Amino acid sequence: MAVLRLPPLQTKIENSVAFPLLAQFCDDFLEYLAPNLSVSLCWGSVQSQLSQCAGLNIFDCHKVDYQEKQFAQGVIPTTFMRREGAPKERELLCGRLIDRPIRPLFPAGFYNDVQVTASVLSSDGKQDPDIMAANATSAALMLSDIPWGGPIGVIRVGRIYGQFIINPSMDELSLSDLNLVYACTRDKTLMIDVQAREISERDLEAALRLAHPEAVKYLEPQIRLATKAGKHKKEYKLSLISDTTLEKIKSLAEAPIEAVFTDPTYGKFERGEALDKITQDVKRVLEEECDEESLKVLPKAVDTVRKKIVRRRIIEKGLRVDGRRLDVVRPLYCEAGNLPILHGSSLFSRGDTQVLCTVTLGAPGDAQRLDSLVGPPTKRFMLHYSFPPFSINEVGKRGGLNRREVGHGTLAEKALLAVLPPEDDFPYTVRVNSEVMASDGSTSMATVCGGSMALMDAGIPLREHVAGVSVGLVSEVDPSTGMIKDYRILTDILGLEDHLGDMDFKIAGTRKGITAIQLDIKPAGIPLDIICESLEPALKGRLQILDHMKQEINAPRTQDDRNSPRLATLKFSNDSLRRLMGPQGALKRKIEEETGARISVSNGALTILAKNQSIMEKVQEKVDFIIGREIEVGGIYKGVVASIKEYGAFVEFNGGQQGLLHISELSHEQARKNSMYMLLSGAVSILFILSIYVLLG
């Protein structure tokens with residue numbers, strides 16, 4: 001175990017010592033300290049036989065868990081069991097933030113099980129612990145005996161009134177129009193994550209170029225710490241394909257695979273079936289030859305052959321597997337309001353990728369309650385992304401929170417949050433559901449596009465549309481130097497191009513600027529110059545998509561359909577709201593049961609959510625009867641006869657007020673006593689004229 005003390009915004013090591021008393025069974029344990037914040041990180045490696053891991057995806061073997069326990073801020077959990085349960089969304093997202101920059105630096109063929117656990121030990125809530133946890137992960141890996149190509153530096157950049165701020169506090173982030181998390185090695189970029197309020201490409205590039213040298217400052221302290229307290233790196237057997245085996249499989253599979261990739265008429269699944277058939281043909285040949293060694297690595301070897309063919313065609317000829325040029329966006333289809341009974345809905349298709357988005361509006365009290373160490377206590381805008389197995393023609397089991405689904409949904413949520421109206425102008429809770437109907441690349445960016453249209457279809461006053469597109473990279477590396485000698489940037493990548501390429505650079509924004517970014521890469525870093533160059537083709541593709549979306553719906557819809565759901569907010573005094581609620585909320589529940597509407601009371605406001613206009617009118621009528629409203633001359637009010645006397649009747653109306661309806665006002669002719677009883681049985685409507693109540697019939 002070692003202790004790394006880093007004051008905020010600095011990279012000087014004040015003290016680092018070996019301290020083997022905590023977590024002595026881990027491969028290494030690092031405690032990362034700063035004033036008022038301590039992030040403890042335990043990095044462990046559970047080694048298994050390579051035969052147990054062979055053929056597994058690297059995502060199955062390497063895991064990152066981030067934990068925020070309530071004792072870190074001196075609080076007992078409010079759950080029934082008074083203990084932390086399953087990982088929360090924020091914990092999953094922070095785990096992904098740590099995992100994304102460290103994963104590309106593991107050596108190829110290293111499939112041993114590795115797990116990192118980052119736990120926040122104490123926090124005053126002024127600084128987000130995620131950046132410290134990421135840097136602590138890097139330092140722990142440097143100390144361990146696990147093979148890894150680090151260290152890395154991770155930093156956050158904000159911008160307030162045009163001035164960039166390194167590692168801003170939570171209070172500063174609330175004022176910032178930029179939240180950039182940047183991870184890098186000494187000379188290459190590893191990961192970018194951005195939430196912004198329509199920042200221009202030029203300003204974003206300036207922020208990236210500022211972030212790189214600041215993040216590099218975190219490398220040298222880790223190197224010094226590893227030199228002083230680190231373990232000797234072990235020699236691990238890597239699961240690699242021999243050159244002889246690769247050449248043999250290449251000779252059998254290369255020609256038919258290239259024939260498939262040169263035919264642009266293939267769709268995703270037709271292409272996949274053709275490639276699977278080629279793999280089975282090669283497998284039969286190897287089985288006839290009893291070549292067990294080649295059979296063990298056949299899937300990986302065939303995938304390597306595919307990768308080389310696709311990349312060579314893109315680099316040498318500028319040709320993609322579906323026949324598009326490098327900068328062309330796939331055919332688009334947009335439809336808004338396709339589910340008229342809902343608050344808002346849309347269908348967005350880009351090539352074979354298709355997403356169905358729906359919007360549900362709720363009262364302010366429906367906001368999600370957050371239970372984290374930092375950030376706001378509630379969230380009024382939620383985007384939930386679902387990726388069912390049928391979207392990729394597979395059979396699978398649906399479980400709980402999925403890291404990928406949470407990450408993609410949060411990316412789209414950040415992209416749309418920038419154009420939502422302020423809470424004072426639009427206090428409602430908004431939930432967007434994204435259901436992936438078919439997937440062939442960048443469903444998260446399709447969710448941004450579909451979500452933007454669905455929000456406008458729901459009548460939410462967005463400032464303007466948001467669209468997103470994913471940009472890829474295929475590069476050719478000089479084996480002797482490891483430097484990129486040639487590369488091509490691809491706009492709107494397919495799922496296959498994502499799998500076989502070097503990066504997935506998701507960029508979302510409006511016409512004015514960028515609102516969200518997520519960069520994931522496969523090689524051990526990409527030069528920042530190439531990253532910045534990718535912003536321009538992403539902008540061109542985004543503008544093309546925005547034009548298509550605008551043709552379908554260019555402004556928030558008005559609620560002109562009586563069958564569509566309705567939402568209304570009314571202001572009342574606290575006394576009036578107490579009358580509406582009744583004893584222990586009995587009156588409120590009665591109205592909800594009778595009408596099917598939902599009623600929420602918060603801060604002197606009454607929010608009514610009804611399925612259609614007729615139900616809304618019924619609820620408002622009941623609310624007016626209980627609470628009442630200001631009496632106006634000429635106004636018509638419904639009332640109930642409270643008691644009948646010889647000279648007339650007392651009518652209760654307008655929130656419990658009573659007035660005398662004289663017998664002379666029942667009719668223009670003289671009314672008899674028995675006719676008065678018949679006329680006044682039940683509810684009546686009254687017209688208020690200068691303090692005289694007149695029966696209208």
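Modeller: Axes are lines fitted to C-alpha atoms, for helices over the stretch in contact, with angles from 0 to 180 degrees between N-to-C directions. Helices (H or I, at least four residues) and strands (E, at least two) are DSSP runs numbered from the N terminus. It's a predicted model, so local features need pLDDT of at least 70 and side-chain atom pairs 80 or more, while totals for chains, interfaces and linings use all residues. Numbering starts from 1 along each chain as its sequence is written, and side-chain values use heavy atoms, leaving out hydrogens and water.

Biologist: How does H12 sit relative to H13?

Modeller: The axes of H12 (403–417) and H13 (443–457) come within 9 Å and cross at roughly 45°. Under 35 degrees is roughly parallel, over 145 roughly antiparallel, 65 to 115 roughly perpendicular, and the rest oblique. So H12 is, relative to H13, oblique.

Biologist: Which are the edge strands of the open sheet?

Modeller: Five strands line up as E10-E11-E12-E16-E15, with mixed pairing; pairing takes at least two DSSP bridges between two strands. Those that pair on one side only are E10 (332–336) and E15 (381–386).

Biologist: How many bridges join E12 to E16?

Modeller: Thr360 stands opposite Arg431 in E16. E12 (353–362) and E16 (429–438) run antiparallel, and the bridges joining them number nine.

Biologist: What angle does H16 make with E10?

Modeller: H13 lies across E10, E11, E12, E15 and E16, at about 145° to E11. H16 (535–552) also packs on the sheet, touching E10 and E11, where contact means heavy atoms within 4.5 Å. The direction of H16 makes with that of E10 about 35°.
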